[in-house]
Amino acid sequence: MSTTTPPATTLKFAWLELTRNCNEICTHCYADSGPGLGHGTMTVADWVRVIDELADMGGLDVQFIGGEPMLYPELPELIGHAAGRGLGIEIFSNMTHVRPAVWEAITEHGAKLATSYYSDDAAEHDAITKLRGSHRKTRANIERAVELGIPIRGGVVSLREGQRAQGAVTDLQSIGVQQVGGDRMRAFGRASQGARPQIKDLCGHCAHEKCAIGPDGAVWPCVLGRFIDVGNVKEEALVDIWSGDRITQARAEIAAVHGAGAAACTPPQFLPMCGPCGPCVPSVKHCDPQEAPLQAATIATT
């Protein structure tokens, strides 16, 4: 039974980070995930309970992430359970390996997909993911998703000078991906190169209608704000965390840096529902209004 003050905002969306394990070792990974890191201490029963709690709180959507969520054995079960509770579902995957059972669950329950894509040049893409053949596999599975009529978003992160980022956008469009967003590299995880993460590098919308839950049950304001721990779903109910003092303090600290209005745009490859752009489809060259204005051109097909 909840004993805390009613929350300031409704929790509508949650990232569920099912695993730290990933078959890629991307140079900019915000989660610092990679091969052999395991699925954490959250059990399938724990994830089912969290999904139920989110639905009971009036939640609308979940995004299964990692690591690589396709490597989580019980992903089809969790897709089915979330759908049964009336939640919208998106899976953010590198799309290198999709098991038949996952394809079946996605199509049966109307789930969506999102993926990162770095270049139309296979060698350049593979150099970023550090997985030989990743470009070929990712592109093939994007094509299959489009053929199956599964909605899929593409995110192109600009990492270095001369990267064929615009080529990646054009290639995704040629396959039939109708929503492509761009972002710069953000100083979290491996991309920070050991620097301490800072609130100023967040977009400012964290903990407003959304939160992230990690493989060990930790609750964060968002996937990039994992350095701000506001509770653990293995120790207390999600509704109590969302209404608690720690997340209230986190909101205040974020607002103190970003202001009440926060940034005018957010990184779309991570955020399928972040406002106020809803969704934002910026130029791939920049997605940070504090550093550069939005370009007039958009990267989307109609």
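E90 is found in strand β3, which spans residues 88-92; strands (E, at least two residues) and helices (H or I, at least four) are DSSP runs numbered from the N terminus. The model is a predicted one, in which local features need pLDDT of at least 70, side-chain atom pairs count only at pLDDT 80 or more, and totals for chains, interfaces and linings use all residues. Residues are numbered from 1 along each chain as its sequence is written, and side-chain values use heavy atoms, with hydrogens and water left out.

E90 counts as buried because its relative accessibility is 6%, where buried means under 20% relative accessible area, exposed over 50% and partly exposed in between (1.4 Å probe, protein chains only). The side chain of E90 makes a polar contact of 2.7 Å with the side chain of Q63 and another, of 2.8 Å, with the side chain of R153. A polar contact is a pair of N or O atoms within 3.5 Å; within protein, one must be able to donate a hydrogen and the other to accept it, and residues adjacent in sequence count only if both atoms are side-chain atoms.

Helix α4 (residues 122-129) packs against helix α5 (residues 134-147) at an angle of about 105°, with the axes 8 Å apart. Axes are lines fitted to C-alpha atoms, for helices over the stretch in contact, and angles run from 0 to 180 degrees between N-to-C directions. In α4, A122, H125, D126 and T129 meet S134, H135 and T138 of α5, contact meaning heavy atoms within 4.5 Å.

Across the protein chain there are eight helices and nine strands. Of its 302 residues, 54% count as buried.
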